[in-house]
Amino acid sequence: METQVSNGLNLFLRLQDSTRLNELLLVIQQSKERINLALQGLHYVHFARFVPFVPAPGQAYLLVITEFDGDLKPYVMDFAAVIGDEFSAILGFVADPPPLPVQNHPEAFWSFIEANNRSDIPVWSAYPDKTVLDILGPRRAPPPTPADPPPARIDLADVQGNILRGYRARHALHFALAIDDGDGARRFLAALTDGDPAKTPRVSSATVESESPAYLLNIGFTHWGLGTLGVPNDTLQRFPPAFREGPADPQRAWKNGDLEASDPLHWHLGGPGTPAVDLLVSLYTRNAAQLEHRRDQLDALFGACGLRTVSVRRTDALPDGKVHFDYRDSIGQPHIAGAPPRSMEPDMQPAAQAGEFLLGHDYLNQYGGNFIGTLPTELANNGTYAAVRLLEQDVRMFHGLLEDASRRHDVPPDLVAAKLMGRWQNGRALSVSPVDDGGPVTDKQLPRLNRFDFAPTTRHPDVFDDADGARCPVGSHIRRLNPRSALATGKPHSRRIIRRGMAYGPAYDPKNPADTEERGLFGLFICGDLEAQFEFLMQFWVNGDLSAHGLRGTQDPILGTQKMGGRFSFQVDGRTEPVTVQVPRLITTRGSLYLFMPGIGGLRHLAHLPAPTPPRGRSMPNTVTPDAFNPHEAHFIADPYPQYARFRDQAPVHHVRAPEDSYWVFTHALVSEVLQRKDEFLKNPVPVPPANNVTDVVHHLPNGLFFADPPRHGQMREMLDPLFAQAIESAAAVAQPMANQLVEAIRTQGSLELIADYAIKLPLGVFMHVFGVRDEDGPGLAAWINATLAGNDDALPAPLRFQAFTARMAVGSYFQALRAGCPTGERTMLSLMKTVAEHTPPHPMSPEEVQQTAVHFALGGYLSTTFLIATGVFNLLRHSDQLARLRSDPALLDRAIHEMLRYDAPFQLTDRYAANDTTLGKMHLPRGSKVTMVFASANRDETVFPDPDRFDIGREPGPHFSFGGEAIHKCIGKPLVDIVAPIAFRTLLDGLPNLRLAAAPPIWQHDPYFRSFTSLPLLT
Ligand code: HEM
Ligand code: HEM
């Protein structure tokens, strides 16, 4: 993942009153010096200009042109913090300004910038490929150290203990729980806050009640969990997007570097393929026997309160407070003004403000505002957020790295380890002990391990100036993640984070390097704003191509994805040349949750929430929370149907927010209505947006069948239906031997991953035959189609979507060439279109239309059958009674396929656009609105299908929408599906009489438009 290094912020601001332009220019003139000084402290901006623009009398604009490093949002947020007053003064002149002063409304300021930034204007770069630190060089006068902020008055009894206190616990259990019964869960919270301590465990606060408490207990909730507990919709929406969306959200996962092996699809906790987690209870003790004793007590309480254990993770401190990789941990923590002192002496930075970690109107954060936002104080006061991370560590690989680097570069392995971390494994900082580890750390020395800095400051002028990383590499883990007073991108001394982590899994034994045990770190990363703190660290300081001197093209050696090659350089005392080693990816994310950790008062508030009406004993929230609805959430993807049911009941047409920005239609009746109003709900957006980039170019390709609107659509369809019937005449003769061969190969191989081994190969092979695609082109075409569909999801990061658009163009070019070269007179679909449809009066198709239609056939023509095979087999295996029924009565197969299509529609959703202002249901839709028909929901509409959530292969076939309904765009490929699907199921089930689900949960694919798995391992 590469971060673009120079970016443009171009604001084009209209003045409220054009006659005040000169006054505005004066204000800018007066604040220029302060702005420049502040920007220099941020190390972001290459240049910035304010340009007045008067296009016509009575109109005046101000252009703000900036070229900066890194990503826009952190830049803008830091900007608000350091020059909020100056910016507010300027915005006071502008039409429709954001709420002022901007530093009190940083999120609104961000929205304003996002809306007004003309990111499509290319910036001229004064320093292409350079960064501010490259331009300025690393050495500059030390910045004046800001004074410690005044200590906040923190109500310690109301703050959960693990936020402000390191417990020095040696053991912990983390219970991930799901709520089956909202009343029970509220009773559980009441017991935790006010129960009899002799009978039930109590949640621990930051008040030190005893030097060695028997146990400590803390709790946090996912956004989903808060909804389940009965927090009202209005409140749920007020939480920040990062918490609402969670770490499995594809875009957030991408930012956090959770790619490939770390992809949420593979997580054990919090991923789309794992059960929903509502809350996490963490129990800490100093001795192991206590842990077991309290565990029994807790288990009993969970059972009595309808809390289902989804997973339990045990962690233990390794000797000397170490974690795997053998480093002492939990030394560096922020010193918070007003918090109780730690046993560890504070570092040399100014204290952090309480508001960086705690929510409350009295707690200022690093931007001068407070992170509580508009959340109700009774719920949020003294609360905070935590990113829970389950991080597997590859210890064998780490040892290999040390040994290899040591051998190649003739440096001791423990020095390599120290350079990677910035601390020796015994905890001493390289900054104070640059050449050796200084021997064992005594009890007296231990509290001082955090007294160091990387650069002198006015307060600590004698600190060694390690600007070049001679002692502690600039790219080492601790220096990247807490740059202290050294130069960093962004506001100095910000983005601090509280860490509570311990090792899980057995200690690594170098004598048994090949053991297959999973081991790693279970950590809570606590902060007042997940996006500005935790995610910023992951995206920029860990994985970003950052502008700090000497860091270009590198990532954190411990945590980084190493997608940039894994280079890590350090200097060795007495040598002139730095040593450069190659670092593999050492950490794999195995799970993650974003939690809200309320204060004790907040927990009491939750305990006494009224039960949501109507009360139902389900594991999901019972009422829809329309504005919190996020179709990319893991729980939703794994099982969208309970949500659909609630929408049918409570909000049958609902405007889903960006990136969808669409009116979703959930009931059978309303979906039918949209389909019938075919001249009002079109395939093409109105008005057509201008084409600026690759996305728009693809949207502007000439229309093939799928995207054609009346009357052109009908003209083409009339010609194509009979041609398709001819093209598929030999499909059965091809499909059956192909299926036999695949099943034979599976039997020989003895294992089966259904998707790759069967569900793709069969329909793809048949499609290629029907279209006349040559065998050797199959894999390439399939890869493009895969990339195209994989990028369909609007929630994905822009680079992935762009990749999809380019793949889409490649499919287009392929069919253009194939059409041009395809022989006439063959009974393939392409040949028939070229020879017949292009020449049939009165409305022949153009070559472009043929080419595009071929692309549409390719995109819709085989993967949808793959999806049907995937979910169909899964549903049969999950409902063993239905499978047995089918095996004993094979004549049921046609009905069974109908039911599979109804129960899990392969195309869950499809889009149209409103041609005019109109109404649908009770909703007013402005012209141009996107409308998404939720076929999958209409297929489960209880008013049409009795007992709709039951999978019943003998069900009387009903009017499901899986082929697009009785409408003009109804699937043209259905006759082919009618041939291929029965062959696919019959051959597989007959050939593999013992087919069973494997223990591993299947992995659902991310995109709410489709329903399938990326992988479905089965036992044969
Ligand atoms: C398995 C993964 C990880 C390992 C093995 C690990 C290990 C360590 C160790 C040994 C230290 C030095 C001891 C100390 O200063 O307390 C440290 C410091 C630190 N780590 Fe990690 N860490 C991991 C993941 C993370 C993550 C995910 C983050 C946050 C996004 C993080 C943030 C920090 C910070 C902020 C420091 C303190 C720097 C300071 O204050 O000087 N670490 N880590
Ligand atoms: C189980 C398999 C399939 C399913 C569930 C399915 C589903 C659908 C649906 C829901 C539509 C309507 C989309 C809309 O209204 O926006 C559609 C249209 C279409 N399908 Fe299929 N399809 C399948 C197989 C196929 C096959 C095998 C082909 C071709 C070889 C194909 C080609 C098309 C085409 C070209 C259209 C556009 C028709 C038009 O706009 O007039 N589909 N399909």
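1. Cys971 sits in the loop between helix 33 (935-938) and helix 34 (974-991); helices (H or I, at least four residues) and strands (E, at least two) are DSSP runs, numbered from the N terminus.

2. The model is predicted: local features need pLDDT of at least 70, side-chain atom pairs count only at pLDDT 80 or more, and totals for chains, interfaces and linings use all residues. Residues are numbered from 1 along each chain as its sequence is written, chains are lettered from A and ligands numbered from 1 in the order in which they are written, and side-chain values use heavy atoms, without hydrogens and water.

3. Helix 6 (residues 182-194) packs against helix 17 (residues 600-607) at about 145°, the axes being 8 Å apart. Axes are lines fitted to C-alpha atoms, for helices over the stretch in contact, with angles from 0 to 180 degrees between N-to-C directions. Helix 6 contributes Arg186, Leu189, Ala190, Thr193 and Asp194 to the contact (heavy atoms within 4.5 Å), and helix 17 contributes Ile600, Leu603, Arg604, Leu606 and Ala607.

4. Thr932 belongs to strand 23 (residues 930-934). Thr932 counts as buried because its relative accessibility is 0%, where buried means under 20% relative accessible area, exposed over 50%, and partly exposed in between (1.4 Å probe, protein chains only). The C-alpha atoms of Thr932 and Arg912, 20 residues apart along the chain, are separated by 6.4 Å.
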